[in-house]
Amino acid sequence: MTGAYPHTRLRRARATAWSRAMHRETVLTPADLIWPVFVTEGEGVEQPISSLPGVSRWSVDLLVERAREAADLGIPCLALFPDTQPERRSDDGVEALNPDNLMCRALRAIRAELGDRIGLLTDVALDPYTNHGQDGLLGEDGYVLNDETIEVLVGQSLNQARAGADIIAPSDMMDGRIGAIRDALEDEGFVNVQIMSYAAKYASAFYGPFRDAVNTRGLLKGDKKTYQMDPANTEEALREVELDLAEGADSVMVKPGLPYLDIVRRVKETFEVPVFAYQVSGEYAMIEAAVAAGAADRDAMVLETLLAFKRAGCSGVLTYHAVHAARLLRKA
């Protein structure tokens, strides 16, 4: 008889390191990582973020150095998020349209120093620019207005594309914004600027430290449940992805990450398109808290969680551990 013990012993292939490597189904490399970074005003400024141990806001000049470090490690892309100063925030988030805002200055500086050595992904949403912390414009009743917000998002996208963005990543979750942004990019000749849609972005409890990083936690009035997805829903996520792909998204994102690996798998199997996941600030903070408590080995936990994203079907992962993981992978 074959196909059963003892003729079949699955441990045979695990007995040595070379054999385990040869039989490994999923491979993680630095090219699978996107590094989210925070930019702030000033020169020579590094501001550690207390709720994200090991993560800082950087002034533009120091962010250029971080971009060079990432490129040298083989990380293909940065995701930029601005810490807009309070005096530049407003009800209408008009700073998002300023061609000399923090995001645009950072894009131009990195592009001038590194050229095409690294990709630049930019967040499109109004929460870093509003004084109420919502991702869009508010109506009189406090409801986030969809179509009026899209008009501003289109302008924000074009502003970033002109400054050198390679990937526009709308995180706002307004209905119809992908098609409007794609049309505008095409009309202005930005035919090779990609759109990575935050297609399945959930109203999650895991975003707290990020709001500290961009200084919106104290500003947010209400919640974001009227536009971000209900964590209970799966089929709705598939509808969101389908619509965004039809409107011109080149790739889609699931956010948060580890609690939503089932969504990653469903999206990948259903649409067979590039799927990314964001290992968000709360996920990062939990790993660091476990390490600080002596309950986990950082290196092992970082690599195992990132491998889980790849195994679930991700083309890549946005992670604050990107540089640490890339160094580990280069040693392996």
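## Cysteines, rings and charges

C77 is buried, at 5% relative accessibility (buried means under 20% relative accessible area, exposed over 50%, and partly exposed in between, with a 1.4 Å probe and protein chains only). Before going on, note that this is a predicted model: local features need pLDDT of at least 70, side-chain atom pairs count only at pLDDT 80 or more, and totals for chains, interfaces and linings use all residues. Residues are numbered from 1 along each chain as its sequence is written, and side-chain values use heavy atoms, with hydrogens and water left out.

A disulfide is a covalent bond between the sulfur atoms of two cysteines. With the cut-off for a disulfide set at two cysteine sulfur atoms within 2.5 Å, the count comes to zero.

Now for the rings. Rings of Phe, Tyr and Trp (its six-membered ring) pair if their centres lie within 6.5 Å; planes under 30 degrees apart count as stacked, over 60 as edge-to-face and the rest as tilted. The structure holds eight aromatic pairs. In one of them, the ring centres of F38 and F210 are 5.7 Å apart and the planes sit at 55°, so this pair is tilted. F38 belongs to strand β1 (residues 33-40) and F210 to helix α6 (residues 208-213), so the pair ties together parts 172 residues apart in sequence. (Helices, H or I with at least four residues, and strands, E with at least two, are DSSP runs numbered from the N terminus.) F38 is buried at 0% relative accessible area, and F210 is buried at 13%.

Another pair is Y284 and Y320: their ring centres are 5.9 Å apart and their planes at 75°, so it's edge-to-face. Y284 lies in helix α9 (residues 281-292) while Y320 is in the loop between β10 and α11, so the pair links parts 36 residues apart in sequence. Y284 is buried, with 5% relative accessible area, and Y320 is buried at 7%. Ring pairs link F38, F81, F210, Y278, Y284 and Y320 into a cluster.

What does the side chain of Y320 make a polar contact with? Its partner is the side chain of Y278, at 2.7 Å. (A polar contact is a pair of N or O atoms within 3.5 Å; within protein, one must be able to donate a hydrogen and the other to accept it, and residues adjacent in sequence count only if both atoms are side-chain atoms.)

Charges come next. A salt bridge is a side-chain nitrogen of Lys or Arg within 4 Å of a carboxyl oxygen of Asp or Glu, and by this rule there are 22 of them. Here are some:

| Salt bridge | Closest N and O atoms |
|---|---|
| D100 and R108 | 3.0 Å |
| E186 and R182 | 3.4 Å |
| R265 and E269 | 3.8 Å |

D100 is partly exposed at 44% relative accessible area, and R108 is partly exposed at 37%. E186 and R182 both lie in helix α5 (residues 177-187), four residues apart, about one turn of the helix. E186 is partly exposed at 39%, whereas R182 is buried at 10%. R265 and E269 are also four residues apart, in helix α8 (residues 261-271), about one helical turn. R265 is partly exposed at 32%, but E269 is exposed at 53%. Salt bridges that share partners join D127, D135, K201 and K224 into one network.
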